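Good morning, colleagues. Please take a moment with the sequence and the structure, and then I shall go through a few regions with you.

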Amino acid sequence: MDGSAGEPQPPWDALAATVRAAQAGDVLAMDEVLTVVAPYVTRLCRPIVLSNCEDAVQEALTAVFVGLRGLRDPRAFYGWVRTVTVREAVRVARLTAVERTVDPEEFVGLPGLVGDGELSAQVRDVLARMPVHHRAVLVLRELEELDERSAAEILDIAPGTVKSRLHRARSAFRKAWQQ
């Protein structure tokens, strides 16, 4: 699809009409919306949830499916999906007690975000040793490049809490990386 100046539209603008159709009950549009957004949801979930990524992706996509009718502005779809996904990923990570060291063998065959858009096994291993609230704030600030206020809104915490968690997460990451 082209924008008014002949430029390609960002995917969220191009998807707005499909989101509207899905909100109106079009089953095929809902399927297309979920298919288009699934890789983005997976990319967000993987560094937060790690070994239970599939569960978090499923939960996030279910939450998108259930909550889509309540989305007021279809152009805000990706921001809304990011919020829903990160919250579900954090919830799944806490429920499944992911705050443990993950065996690097669990990552075999999992693409993950450095250079080629994926996390290296070493980065995933360091993330696996971090608490979920640190992983979540790192994903939002470093991978999604959100400011502290936006990250705070998504995580439903104060901006000062994001700042302190980010400081501790970066410090812990550097320390773990050097070991």
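A residue is called buried when its relative accessible area is under 20%. Please bear in mind that this is a predicted model.

I begin with Glu144, which sits in the loop between H6 and H7. Is Glu144 buried or exposed? Its relative accessible area is 11%, so Glu144 counts as buried. The side chain of Glu144 forms a polar contact of 3.1 Å with the side chain of Arg82. Setting aside neighbours within four places in sequence, the residues in contact with Glu144 are Tyr40, Arg43, Leu44, Arg82 and Val139.

Just after H7, Asp156 adopts a positive phi of about 60°.

Helix H4, residues 77-95, also packs with helix H3, residues 53-67. The angle is about 135° and the axes lie 8 Å apart. H3 is therefore oblique to H4. The crossing of the two helices is right-handed. On the H3 side, the contact involves Asp55, Ala56, Glu59, Ala60, Ala63, Val64 and Gly67. On the H4 side, the contributors include Phe77, Trp80, Val81, Val84 and Arg91. Taken together, the residues of this contact comprise 10 nonpolar, two polar and four charged.

Thank you for your attention.

Definitions and conventions:
Residues numbered from 1 in each chain as written. Predicted model: local features only at pLDDT ≥ 70, side-chain atom pairs only at ≥ 80, totals over all residues. Heavy atoms only, no water. Axes fitted to C-alpha atoms, helices over the stretch in contact; angles between N-to-C directions. Helix = DSSP H or I, 4+ residues; strand = E, 2+ residues; numbered from the N terminus. Parallel < 35°, antiparallel > 145°, perpendicular 65-115°, else oblique. Left-handed = near helix turned anticlockwise from the far one by under 90°. Contact = heavy atoms within 4.5 Å. Nonpolar A, V, L, I, M, F, W, Y, C, P; charged D, E, K, R; others polar. Buried < 20%, exposed > 50% of the residue type's maximum accessible area, 1.4 Å probe, protein only. Polar contact = N/O pair within 3.5 Å; in protein donor to acceptor, adjacent residues only side chain to side chain.
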